[in-house]
Amino acid sequence: MSDSDPVADAGFDEWLAAAAEGDAYYLECANGHGSLPPRRVCPDCGSTDIAEVELPETGEIRTVTVTHVPTPAFEDDAPYATAVVDFGPVRLTGQVVGIDIEDVETGLTVALEITTAETTGERVIGLRPV
């Protein structure tokens with residue numbers, strides 16, 4: 001593998017691809033605990049009986065922060081808002097898109113949208129207000 005070959009993030013890259021196609025899911029164990037890939041064991045109870053379940057279409061922002069001075073990997077994206085969103089059994093962290101950062105607040109309803117970072121061109125989790 002050369003330095004220019006992308007490194008795969010097993011499980012997560014497949015999840016990003018599914019989410020980009022509108023088939024986002026989370027993992028649920030037999031005891032009802034939710035988590036995100038890659039998982040082979042429930043982080044709450046240790047169960048290995050895990051199934052893919054469709055992710056709810058919308059979630060609610062629980063907390064948000066605005067980054068004005070980013071790491072080099074996101075320098076062309078700044079300023080941007082990053083939020084933790086409650087999608088029922090799981091929470092996702094992503095970049096809020098499609099809205100002025102001054103208008104992003106807790107309680108805002110958003111939908112998952114896989115977007116591309118301006119700086120790196122890599123896929124990232126986007127959260128668009130609905």
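A hairpin and its surroundings

Tutor: β1 and β2 run antiparallel and are joined by two bridges. Strands here are DSSP runs of E with at least two residues, helices are runs of H or I with at least four, and both are numbered from the N terminus. Two strands count as paired if DSSP finds at least two bridges between them. The model is predicted, so local features need pLDDT of at least 70 and side-chain atom pairs count only at pLDDT 80 or more, while totals for chains, interfaces and linings use all residues. Residues are numbered from 1 along each chain as its sequence is written, and side-chain values use heavy atoms, leaving out hydrogens and water.

Four residues lie between β1 and β2 in this hairpin. In the turn, G32 has a positive phi of about 85 degrees. S35 belongs to β2, which covers residues 34-35. Is S35 buried or exposed? It is buried, because its relative accessibility is 8%; buried means under 20% relative accessible area, exposed means over 50%, and partly exposed lies in between, with a 1.4 Å probe and protein chains only. Apart from neighbours within four places in sequence, S35 is in contact with Y26, L27, P43 and V90. Contact means heavy atoms within 4.5 Å.

Why is β1, residues 25-29, described as largely enclosed by the rest of the structure? The reason is that four of its five residues are buried.

E118 sits in the loop between β7 (109-116) and β8 (123-129). E118 counts as exposed because its relative accessibility is 60%. Setting aside residues up to four places away in sequence, E118 touches D76 and D77.

R123 lies in β8. With a relative accessible area of 38%, R123 is partly exposed. Not counting residues up to four places away, R123 touches D13, L16, A17, I114, T115 and T116. One of these, A17, is 106 residues from R123 along the chain, yet their C-alpha atoms are separated by 9.1 Å.

The whole chain gives the setting. It has one helix and eight strands, in the order α-β-β-β-β-β-β-β-β from the N terminus on. Buried residues make up 33% of its 130 residues. Among contacts with a separation of 6 or more, 47% are between residues 24 or more positions apart. The C-alpha atoms fill a box of roughly 45 × 40 × 25 Å along the principal axes.

Finally, an unreviewed UniProt entry lists residues 52-113 as "domain: ChsH2 C-terminal OB-fold". UniProt positions are given in the numbering used here, feature names are shortened, and annotations may be inferred rather than shown by experiment. Over residues 52-113 the model is 0% helix and 53% strand, with the end C-alpha atoms 19 Å apart.
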